[in-house]
Amino acid sequence: MGFRCWLLVITFVLSMGFHCELAGAHGRRQLLQSLEPPDDGVCTAVVSPQGYECQEYEVKTQDGYILTMHRIPQGRGGGSAGKRQPVLLQHGVLMDGMTWLLNPPQQSLAFVLADNGFDVWITHGRGTRWSRRHESLDTSNPAYWAWSWDELASFDLPATVGFVFQQTGQKLHYVGHSMGTLTALSAFSEGKLVDKIKSAALLTPVAYLTYMTTPIGRAAGSAFSGEMLGAVGVGEFDPKGAVGTNYLEFVCAMPGVNCYDLMASFTGPNCCLNYSTVDMYLKYELQPTSVRTLVHFLQTIRSGVITKYDYGSSMANMVAYGQSSPPEYHMPNIPHHLPLLLSYGGGDMLSDVKDVQLLLKDLQKYQLQENNV
């Protein structure tokens with residue numbers, strides 16, 4: 001990746017100054033209030049009013065999920081003719097692609113990149129507002145939600161990256177946030193995508209979660225609360241729905257968890273959110289995900305090892321993987337020729353510095369450059 005693109009990414013991280021993995025809240029009750037966004041699509045509601053060209057595409061994964069992608073092919077000034085370098089923006093858990101668009105143009109990475117000559121592609125993961133269709137399953141069917149972040153790495157990323165590669169005829173730069181870093185690293189470790197990716201910028205990388213100190217995450221992990229949801233047949237976790245609000249009430253009632261400042265409870269003290277910013281984020285976020293995805297994260301917290309989803313018994317794992325325990329993702333297998341930028345903050349309680357250091361230790365043999373922002 002050229003110096004200019006690295007600089008833009010780093011500048012974005014510094015200017016935002018916060019981890020928006022679970023964007024929102026100056027209080028638990030504020031989160032529980034469901035603020036419905038307009039029915040207009042992303043282009044009509046957010047991108048076009050800012051003066052940018054916007055295109056919408058549908059991409060089908062190998063396992064039948066129909067995903068929406070949005071493209072900002074150029075900046076507000078139009079720019080010179082010719083091919084522009086494509087860049088794909090991949091959001092984190094409980095978010096969707098709107099997270100790259102909700103700030104003013106000079107502070108939203110999608111707009112910043114478009115204004116600086118890039119062809120910007122934005123994903124919306126399966127189960128989120130714009131990607132809730134399947135070739136045969138409805139979201140009311142628990143089978144629709146029978147996936148974890150394994151499937152995002154195995155199916156969603158290959159589908160979206162492959163589509164951009166096919167449309168543009170170019171290798172692309174990848175920018176992932178939080179879970180968007182984990183799914184990319186997992187795919188890279190298995191040799192997926194590397195023939196189509198020019199470089200990857202990983203913002204607040206999440207891989208190891210051993211040293212995570214966020215009170216809500218720790219409480220949820222120790223209580224096995226994700227498995228509790230799965231045990232009663234709940235497939236979808238919607239933070240704004242009844243299951244999500246009841247779950248949050250349950251976790252917030254645990255000893256040692258203070259949900260008055262919800263953002264701090266998830267990611268640590270935050271300098272840069274105010275009430276108007278929070279209200280804007282809550283209008284469009286949080287987004288649903290599968291219960292299995294949350295359980296998968298809890299498994300990583302408890303085991304300290306990055307593995308595929310554990311089905312809970314030797315027999316079930318044997319059926320799924322041909323072995324009694326879930327296979328590991330071996331991060332040192334990531335090809336040494338793929339440039340990676342890891343950007344993380346010293347006060348993030350979710351993507352803890354010690355956990356990032358564990359990941360960097362895995363990657364050090366390939367002499368990757370560490371950028372501690």
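What do the side chains of aspartate 119 and arginine 71 meet in? Select the two residues: their side chains form a salt bridge, with N to O at 2.7 Å. Here a salt bridge is a side-chain nitrogen of Lys or Arg within 4 Å of a carboxyl oxygen of Asp or Glu.

A word on the ground rules: this is a predicted model, where local features need pLDDT of at least 70 and side-chain atom pairs count only at pLDDT 80 or more, while totals for chains, interfaces and linings use all residues. Residues are numbered from 1 along each chain as its sequence is written, and side-chain values use heavy atoms, with hydrogens and water left out.

Aspartate 119 sits in strand β4 (residues 118-123) and arginine 71 in strand β2 (residues 65-72), so the pair links parts of the chain 48 residues apart, where strands (E, at least two residues) and helices (H or I, at least four) are DSSP runs numbered from the N terminus. Both aspartate 119 and arginine 71 are buried; buried means under 20% relative accessible area, exposed over 50% and partly exposed in between, with a 1.4 Å probe and protein chains only.

Next, select arginine 133 and glutamate 58. Their salt bridge brings the closest N and O atoms to 2.2 Å. Arginine 133 belongs to strand β5 (residues 133-134) and glutamate 58 to strand β1 (residues 55-60), 75 residues apart. Arginine 133 is partly exposed, at 42% relative accessible area.

Move on to lysine 196 and aspartate 195, whose side chains meet in a salt bridge at 3.3 Å, N to O. Lysine 196 is partly exposed at 23% relative accessibility, and aspartate 195 is partly exposed at 46%.

Then pick Asp63, Arg126 and Asp156, which are joined in a network of salt bridges. The model has nine salt bridges in total.

Keep Arg126 highlighted for the last stop. Arg126 is among the residues closest to the centre of the second largest cavity, along with Gln90, His91, Gly125 and Leu152. A cavity is a set of points on a 1 Å grid over the protein atoms alone where a 1.4 Å probe fits but cannot get out, and lining residues have an atom within 4 Å of a point. This one holds about 160 Å³, and there are three cavities of 30 Å³ or more; grid points are joined across faces, edges and corners, and a volume is the space filled by probe spheres set on the points.

Finally, colour helix α5 (149-168), which gives the most to this lining, with four residues.

Key
1 Å grid on protein atoms, 1.4 Å probe; cavity = no way out; pocket = protein on both sides within 12 Å on 5 of 7 lines; lining within 4 Å.
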